[in-house]
Amino acid sequence: TQNFSVDASGFVRVHIKNTSPLASDDFVQFTMTGLNYSCSDCCGSAPIQKTGMAVDTTFICRRYANRNLEYTTIVTKATITTPSGGSVYLAAGDTVDLDIFY
C-alpha cells in the first residue's frame, strides 16, 4: 500500500491593462505570492513587469486551489508609485478571472 497526497488545482486568468495611460513610462509590476506548482503551465512567483501606454495582456496558469490566491501590484505613473495587493478565491477545478486595471 502506498499513500499519496494530491492537492486540488485550478486556473487563474490574469488580465493586465493600462486603462488610463499617461505616458510611455507608465509601469506595472504584478506578482503572485504563496504556493506554486513547478510545472510548465503553472503560475510562477517571478514578477511580471510591463511598461508603456498600450499594455493589454492576458495569461492563464495553474495554481493550488481551495484557497485564496494572494497577489501584489506596483504601479508607477507620473513618478508616483502606488503599491497594492489583494486576493481572489480559487475553487478546485475552476478558472477564476483576475483583472489588474491601472
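Colleague: In what order do the elements of the protein run from the N terminus on?

Modeller: They run β-β-β-β-β-β-β, which gives 0 helices and 7 strands; helices (H or I, at least four residues) and strands (E, at least two) are DSSP runs, numbered from the N terminus. This is a predicted model, in which local features need pLDDT of at least 70 and side-chain atom pairs count only at pLDDT 80 or more, while totals for chains, interfaces and linings use all residues. Residues are numbered from 1 along each chain as its sequence is written, and side-chain values use heavy atoms, with hydrogens and water left out.

Colleague: Why is T79 called exposed?

Modeller: Exposed means over 50% relative accessible area, buried under 20%, and partly exposed in between, with a 1.4 Å probe and protein chains only. T79 has 77% relative accessibility and therefore counts as exposed. Buried residues, by contrast, make up 32% of the 102 residues in the protein.

Colleague: What makes the phi values of A78 and T79 worth a remark?

Modeller: Most residues other than glycine have a negative phi. A78, which is not a glycine, has a positive phi of about 50°, and T79, also a residue other than glycine, has a positive phi near 65°. A78 is found in the loop between β5 (67–77) and β6 (80–90), and T79 is found in the loop between β5 and β6 as well.

Colleague: What share of the contacts between residues at least 6 apart in sequence join residues at least 24 apart?

Modeller: Taking contact as heavy atoms within 4.5 Å, the share is 69%.
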